[in-house]
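Keep the sequence and the 3D view side by side as you read.

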Amino acid sequence: EGEGPPGRIGRPAAYWRALATDTPGQREGMSQRLYALHHGSSGVDGYLMYRLGQKWTDSLPDYTLRVEEMLATSGDPEWTLWRYCLDHDLVRRVRGWRRPLDETVVHRLADPRQLKLRVQDDLWLRVIDVARALSGRRYPMAGSLVLDVSDDISPQVAGRWRLDGAPDGAECARTDASADIALDAAALGSLLCGGVSAETLARAGLIEEQRPGAVVRAARLFGWISASLSHDFVG
């Protein structure tokens with residue numbers, strides 16, 4: 001479970017061993033992997049994994065710093081690590097991979113126009129066990145919602161489900177109660193991790209509101225930004 005957003009993949013020991021591997025074939029012409037730590041009052045509260053690509057253009061430094069992973073608590077630790085990247089000697093371009101769509105550094109750049117974004121897919125979902133999927137995540141607020149789910153491929157998914165969610169856990173089970181919203185399995189997968197708002201899905205015609213105000217309630221209950229993107233900072 002952990003403290004990460006819904007959909008975050010767990011990291012067993014085998015994952016960390018693979019992540020720590022740094023062979024010349026993985027470097028794509030860049031440096032060996034480098035590291036930076038941020039130390040707070042209670043110890044390390046952020047770390048950075050990165051590489052440097054050395055290049056000179058017209059006798060001027062034109063280095064690229066590629067952020068391979070940055071994890072830090074929000075606020076000063078995260079911003080300090082970004083400043084370390086952006087102010088690095090000889091670096092003209094900072095490239096970040098698999099960063100969240102709500103990346104806070106965007107709002108702290110002196111010239112946000114220098115930021116170029118490229119959205120990419122990171123996780124594909126198809127819910128086949130509604131009760132387990134919806135009860136297995138946390139929710140940012142306490143609330144209840146009845147979902148009428150349709151699925152032409154997996155009949156065990158179809159039907160009405162009552163979700164009672166809260167920050168410390170949730171319960172989900174079949175119900176005969178009238179539905180608050182109606183949606184298909186694909187929309188449910190998009191909604192599950194909170195990367196797409198229920199309001200956006202409703203405007204796209206993928207969620208049908210069955211009870212007034214239910215879409216807004218669903219957006220608040222499932223809300224959690226988890227999608228990823230790639231960043232290029234040029235300056």
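Val-127 is buried, with a relative accessible area of 7% (buried means under 20% relative accessible area, exposed over 50%, partly exposed in between, using a 1.4 Å probe and protein chains only). You'll find Val-127 in the loop between β7 (115–119) and α3; helices (H or I, at least four residues) and strands (E, at least two) are DSSP runs, numbered from the N terminus. Leaving out residues up to four places away in sequence, Val-127 touches Ala-133, Val-157, Leu-188, Gly-189 and Leu-192, where contact means heavy atoms within 4.5 Å.

A word on what you're looking at. This is a predicted model, in which local features need pLDDT of at least 70, side-chain atom pairs count only at pLDDT 80 or more, and totals for chains, interfaces and linings use all residues. Residues are numbered from 1 along each chain as its sequence is written, and side-chain values use heavy atoms, with hydrogens and water left out.

Now for the sheet. Five strands line up as an open sheet in the order β10-β9-β8-β11-β12, with mixed pairing; two strands pair if DSSP finds at least two bridges between them. β10 and β12 are the edge strands, each pairing on one side only. On average, neighbouring strands here are turned by 25° against each other, direction ignored. Axes are lines fitted to C-alpha atoms, for helices over the stretch in contact, and angles run from 0 to 180 degrees between N-to-C directions. β9 and β10 run antiparallel and are joined by 6 bridges, and Asp-164 has Glu-171 in β10 as its bridge partner. Helix α4 packs on the sheet, touching β8, β11 and β12, and its direction makes about 105° with that of β11. Helix α6 packs on the sheet too, touching β8, β9, β11 and β12, with its direction at about 105° to that of β8.

What sits inside? The largest nonpolar core has 28 residues, and those with the most contacts inside it are Leu-134, Leu-147, Leu-163, Ile-181, Leu-183 and Phe-222. A nonpolar core is a set of buried Ala, Val, Leu, Ile, Met, Phe, Trp, Tyr and Cys residues joined through side-chain atoms within 4.5 Å. Elements that each supply at least two residues of this core include β8 (143–150), β9 (159–166) and α4 (185–192), while α6 gives the most, with 6 residues. A second, separate core of 17 residues includes Leu-52, Tyr-63, Met-70 and Val-94.

On to β2. Of the 11 residues of strand β2 (residues 43–53), 8 are buried, so the strand is largely enclosed by the rest of the structure. β1 and β2 form a hairpin with 2 residues between them; these strands run antiparallel, joined by 7 bridges. β2 is also joined to β5 by 8 bridges, again antiparallel, and Tyr-50 stands opposite Val-67 in β5. Val-67 is buried, with a relative accessible area of 1%.

Next, the charges. Side chains of opposite charge can pair when their charged atoms come close. A salt bridge is a side-chain nitrogen of Lys or Arg within 4 Å of a carboxyl oxygen of Asp or Glu, and the whole structure has 13 salt bridges. Arg-51 pairs with Asp-22, the closest N and O atoms being 2.9 Å apart. That pair links distant parts of the chain, 29 residues apart. Arg-51 is buried, at 1% relative accessible area, whereas Asp-22 is partly exposed at 21%. Arg-33 forms a salt bridge with Glu-68, with the closest N and O atoms 3.0 Å apart. Arg-33 lies in the loop between α1 and β1 and Glu-68 in strand β5, so this pair ties together parts that are 35 residues apart in sequence.

Finally, how far can you trust it? The protein averages a pLDDT of 88, and 91% of the residues score at least 70; pLDDT is the predictor's confidence in each residue, from 0 to 100. Confidence is highest in strand β12 (residues 207–209), at a mean of 98, and lowest in strand β13 (residues 228–234), at 51. Over residues 225–229 pLDDT stays under 50. Where pLDDT is low, the predicted coordinates should not be read in detail.
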